[in-house]
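Morning, everyone. Let me put the structure up.

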Amino acid sequence: MPTNNYVESSFWNFDALFQPQQHPARDAHDTFFIQDPMYATDFPMEYLERVKKVHSEGGFGSQGHKYDWSIEEAKKNLLRTHTTAVSARMLYKLAQLEEFHPVKYFSIDRVFRNETLDATHLAEFHQIEGVVADYNLALADLIGVLHAFFKKLGIEKLRFKPAFNPYTEPSMEIFSYHEGLKKWVEVGNSGVFRPEMLLPMGLPEGVSVIAWGLSLERPTMIKYGIDNIRELVGHKVNLQMVQENGICRLDK
């Protein structure tokens, strides 16, 4: 996926994902908003109106969130909090094709959140994003994909915890056991995209989309026994370690 736009509008980062405008994640203490330019201006207006309607009035089998949706809020620019904003753009483009065809989208790129820094949290980190769209996909398909992905990394101690996301139902948080920290560490989030997100885009009924967003740094910590995430990103990175080691090391 083309993920080189770090600055995103609130519309694609939140509204297109059926995330209500009063959601706590949209507050300044969780998200970095841009002052200049403060607002985005280019939107697919017919789609925007459908998003507005499903938020404020409901539709597509949903009662919606029942509030006065504001285009001024949707226009606010921010540093994207997840690459799922790019997934939303890609799925919208897919829906504009004359005929639907199954797709798989993947990316690894940078995201930004107003986090308190500690051993497992950064304000700037990398997200692995995966999206699969096809007919008759279910939660079992998603779990199978995640197990296969982490097994390739040599990580097999996984737990899945039911969670709530505005844009996925069912939703799962993904945890892996960190031997150094002696605790289960959340490494990602996942779920099946809701009809309230997909149908306003124009995707056919019956199409399911499974998706996951995984931290890049936390699985790296678990695989290589690193106890502090700041040793991977930021001013505490050991430059000698970077110089002496290869770009990537994969175990056979």
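Which side chain does Glu 8 meet in a salt bridge? Arg 89, at 2.8 Å, N to O. By salt bridge I mean a side-chain nitrogen of Lys or Arg within 4 Å of a carboxyl oxygen of Asp or Glu.

That pair links distant parts of the chain. Glu 8 is in strand β1, residues 7–9. Arg 89 is in helix α4, residues 84–95. They are 81 residues apart. Helices (H or I, at least four residues) and strands (E, at least two) are DSSP runs, numbered from the N terminus.

Some ground rules. This is a predicted model, in which local features need pLDDT of at least 70 and side-chain atom pairs count only at pLDDT 80 or more, while totals for chains, interfaces and linings use all residues. Residues are numbered from 1 along each chain as its sequence is written, and side-chain values use heavy atoms, with hydrogens and water left out.

Now accessibility. Buried means under 20% relative accessible area, exposed over 50%, partly exposed in between, with a 1.4 Å probe and protein chains only. Glu 8 has 3%, so it counts as buried. Arg 89 has 31%, so it is partly exposed.

How many salt bridges does a search of the whole structure find? Seven. Here are two others from that search.

Take Lys 75 and Glu 72: their side chains meet at 3.7 Å, N to O. Lys 75 is partly exposed at 21%. Glu 72 is partly exposed too, at 41%.

Then Glu 73 and Lys 76, at 3.1 Å, N to O. Glu 73 is buried, at 19%. Lys 76 is partly exposed, at 27%.
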